[in-house]
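These are my notebook entries on one protein model. I record what I looked up and in what order.

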Amino acid sequence: MDILELNDIHKSYYINDKEFKVLKGIDISFNQGEFVSLLGESGGGKSTLMNIVGGLDSNYQGDVLLNGSSLKHDTDKQLDEYRRKTIGFIFQNFNLIGHMTILDNVRVALEMSNLSHAEQNKRSEGLLKRVGLGEHIHKHPNQLSGGQKQRVAIARALASEPDIIIADEPTGALDAQNTDEILKLLDEIASEGKLVITVTHSDKVAAYGTRVVHMANGKIDSDKQLREPYKTEPSSGMSLRPLRMYQAFLMAFQQMMYNIKRNSLVMIGSSIGLFSVIIMLGLGSGIKGYINEQIYSQVNPNSVQVLNGDPDNTTDILKYDMSSKDIDKVKSVKGVKSVEKGAMELSVQLNYNKKTSVAQDFNTYNSTLLDKNISKGKKPNKLNTIMLSEGVAKKLNSRTKDLIGKKIRMTFTAIGNDGKQVPMSKELTVSGISNIDYSLISTSYDTLKKIYSSNNQKIKTNFITVNISGGVSNVKATQKRIEDLKNSNGKKNFTVTGANAEVSTLNTYVNLAVNVLASISGISLLVSAIMIIVVLSISVSERTKEIGILRALGVTKGNIRELFFSEAILLGLCSSLFSIIIAGLLEFLINNISNQAIKYPIIQISPLNIVFIIFVSLFINILAAIIPSERASKLDPVDSLSAE
Ligand SMILES: Nc1ncnc2c1ncn2[C@@H]1O[C@H](COP(=O)(O)OP(=O)(O)OP(=O)(O)O)[C@@H](O)[C@H]1O
Ligand SMILES: [Mg+2]
């Protein structure tokens with residue numbers, strides 16, 4: 001049976017709806033061991049016919065039968081397989097891949113086999129030796145002469161042991177001596193039992209074959225056998241499959257390395273946006289951390305103050321009174337460890353040695369203050385003792401330490417039980433000085449209670465200090481539970497103030513600022529996305545020919561798509577890694593400075609930030625790759641091969 005049979009092949013090209021008939025009914029069959037020369041005038045449709053036979057063009061009428069079975073109803077995938085296994089192409093203009101060594105140019109065809117990498121290399125080397133290029137395997141195509149290039153193309157066409165070799169004017173660009181050598185090689189291939197079809201314009205070349213076929217007017221007008229076809233049984237071909245994903249990835253990597261300069265620039269360009277986003281995020285957590293540290297170093301994060309009213313209305317605070325029922329209610333809230341009663345006064349006057357100082361705030365001592373806030377002396381735990389903040393104390397004695405143990409007079413106007421103002425005054429002993437930077441004095445609740453009772457008044461509990469167990473998050477949750485408590489009218493009646501409340505509002509602001517800044521830097525990500533689209537599109541245009549070559553070798557559409565996606569993923573990975581390294585360096589440098597200046601590392605890039613940036617970068621690049629890679633995969637193999 002004939003290995004290849006063409007039945008009534010018709011093919012027309014349409015230009016502006018005008019039909020140009022090129023093939024007008026080709027009927028011919030070919031057998032193993034034949035070396036067929038196809039002659040015919042230029043523009044007569046020889047290449048068109050060869051593209052149909054080679055499975056590059058499936059848009060024709062009629063039928064191509066391989067070993068009796070038709071190609072007509074083959075899917076794209078089956079045609080890919082047909083090109084991969086059955087056909088070896090040799091083109092007039094060589095069609096080698098410029099960025100690969102000639103060894104790799106041959107090996108590409110074997111990447112789709114089950115041979116190991118070493119076996120692929122060995123076989124490719126063997127084939128290159130056979131065509132006389134054993135010493136040049138590490139050269140790139142542009143370092144070879146035309147004849148040498150054509151021999152690489154022959155080695156490549158033979159690599160996967162196809163049954164049919166199609167050579168479209170293989171010697172068109174060669175001198176007489178090279179032509180002879182190439183023809184000898186082709187004849188040798190036929191002698192191994194393959195079918196070799198050579199398109200040529202030269203009668204001398206045609207005379208070399210076993211059979212000469214001539215085309216005219218879109219038909220075969222003569223078909224002569226010159227000598228017997230070779231009778232050798234061809235070796236059974238090797239098993240081939242599409243490229244694996246990692247192979248496409250490696251190919252993309254090779255291609256990137258070949259274009260390393262341009263790709264480095266692209267990588268640096270797109271890492272600028274990523275870099276600024278990481279720095280913004282790192283700076284955000286640094287600033288938040290710094291604020292928290294600053295605030296918690298002043299006050300106890302586990303203590304909050306609770307009052308039943310609106311804390312913004314300062315003069316009213318003195319009228320607030322927590323009943324013992326209220327206090328019990330708060331005490332029973334989950335997370336509350338203990339509760340201390342507290343009271344406030346406003347504008348308290350102090351006198352010592354004819355000197356006067358006025359404190360804006362008076363708070364009974366409570367555990368929102370930390371021990372480290374007491375710079376000198378002790379807290380005012382004992383009855384009739386008082387603690388002054390540094391600023392208040394300075395006005396009584398510039399050497400504030402000397403005040404400790406001294407008696408000073410405290411005078412203030414309280415609001416009495418009948419709502420009228422009641423002046424009160426009491427001599428107290430200074431127990432200690434606090435380093436709090438606002439004007440504050442404190443006695444114990446019991447001391448103030450005694451002053452009230454000696455004036456025949458009952459003290460109000462203006463607020464309570466609630467100690468909460470556990471970490472900051474528990475404080476937040478407990479705070480929320482206290483705020484949600486309702487009075488008998490079903491209304492919320494407790495307000496919570498404290499370091500924690502302030503820190504979380506501050507954090508909200510910092511978060512907001514960071515997110516705004518990060519989004520602004522995000523705009524540069526958009527720029528890098530556009531850049532990637534442009535770069536990949538250029539890459540597709542530049543490599544149209546390469547895509548055509550790969551398709552002719554049986555690389556699938558999906559493989560081509562993977563190739564460009566791999567390139568985008570590689571670019572994304574490289575640019576995110578680059579931006580992470582640069583950001584890490586900057587973090588190191590700036591934190592060195594800020595550790596000295598404010599004793600705190602102000603940039604804190606977390607592992608989560610890093611993962612986030614890699615993810616964002618990959619996402620952008622993959623998104624940007626969709627259009628170019630789709631375009632590349634949809635390229636028509638015949639058109640791509642004729643691209644300049
Ligand atoms: N993609 C195409 N679109 C439109 N017309 C085309 C296309 N490809 C080829 N043709 C036309 O089809 C005809 C046959 O072209 P083909 O390349 O098959 O000729 P050929 O016999 O190989 O010629 P040559 O010997 O010069 O290589 C020519 O007239 C050509 O202009
Ligand atoms: Mg041609």
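The entries below go from conventions to domains, then to sheets and helix pairs.

**Entry 1: conventions.** I note that this is a predicted model, in which local features need pLDDT of at least 70, side-chain atom pairs count only at pLDDT 80 or more, and totals for chains, interfaces and linings use all residues. Residues are numbered from 1 along each chain as its sequence is written, while chains are lettered from A and ligands numbered from 1 in the order in which they are written.

**Entry 2: domains.** I looked up the division of the protein chain and found domain 1 (4-242), domain 2 (255-294 + 506-641) and domain 3 (302-496); such bounds come from an automatic or database domain assignment. Between the C-alpha centres of domain 1 and domain 2 I read 43 Å. Their contact takes 18 residues from domain 1 and 15 residues from domain 2, where two residues are in contact if their C-beta atoms, placed from the backbone, lie within 7 Å. On the side of domain 1 that touches domain 2, α2 (76-85) and α3 (102-110) each supply at least two residues. The most comes from α2, with six residues.

Entry 3: In which order do the strands of the open sheet β2-β1-β4-β5 pair, and is the pairing parallel or antiparallel? I read the order as written, with antiparallel pairing across four strands. Its edge strands are β2 (18-30) and β5 (69-70), each of which pairs on one side only. Helices (H or I, at least four residues) and strands (E, at least two) are DSSP runs, numbered from the N terminus, and two strands pair if DSSP finds at least two bridges between them. Strand β1 (residues 4-15) is joined to β4 by five bridges, and the two run antiparallel; N7 stands opposite D63 in β4. Between β4 (residues 61-66) and β5 I found two bridges, again antiparallel, with L66 opposite S69 in β5. The hairpin of β4 and β5 has two residues between the strands, and N67 there takes a positive phi near 45°.

**Entry 4: the sheet with β11.** A further open sheet of four strands has the order β12-β20-β11-β21, with antiparallel pairing. The strands β12 (336-342) and β21 (495-498) are its edges, each pairing on one side only. Neighbouring strands of this sheet are turned by 30° against each other on average, direction ignored. Helix α11 (residues 324-331) packs on the sheet and touches β11, β12 and β20 (463-468); its direction makes about 155° with that of β12. Axes are lines fitted to C-alpha atoms, for helices over the stretch in contact, and angles run from 0 to 180 degrees between N-to-C directions. I also noted four bridges between β11 (residues 303-307) and β21, in the antiparallel sense, and T495 in β21 as the bridge partner of L307.

**Entry 5: helix pairs.** Two packed helices are described by the angle between their axes and the distance between the axes.

How do α5 (residues 146-159) and α6 (residues 176-191) cross? Their axes come within 10 Å and cross at roughly 10°, so α5 is roughly parallel to α6. Angles under 35 degrees count as roughly parallel, over 145 as roughly antiparallel, 65 to 115 as roughly perpendicular and the rest as oblique. G147, Q150, I154 and L158 in α5 meet N178, E181, I182, L185 and I189 in α6. By class, I recorded five nonpolar, three polar and one charged residues in this contact.

Helix α4 (residues 117-130) packs with α5 at an angle of about 135°, with the axes 9 Å apart, and the two are therefore oblique to each other. The contact is made by R123, S124, L127 and L128 of α4 and A155, L158 and A159 of α5.

Finally, I looked up α8 (residues 245-258) and α17 (residues 557-597), whose axes come within 8 Å and cross at roughly 55°. That makes α8 oblique to α17. The contact includes M245, A248 and F249 of α8, and N559, E562 and L563 of α17. I counted its classes as nine nonpolar, three polar and two charged residues.

Notes
Nonpolar A, V, L, I, M, F, W, Y, C, P; charged D, E, K, R; others polar.
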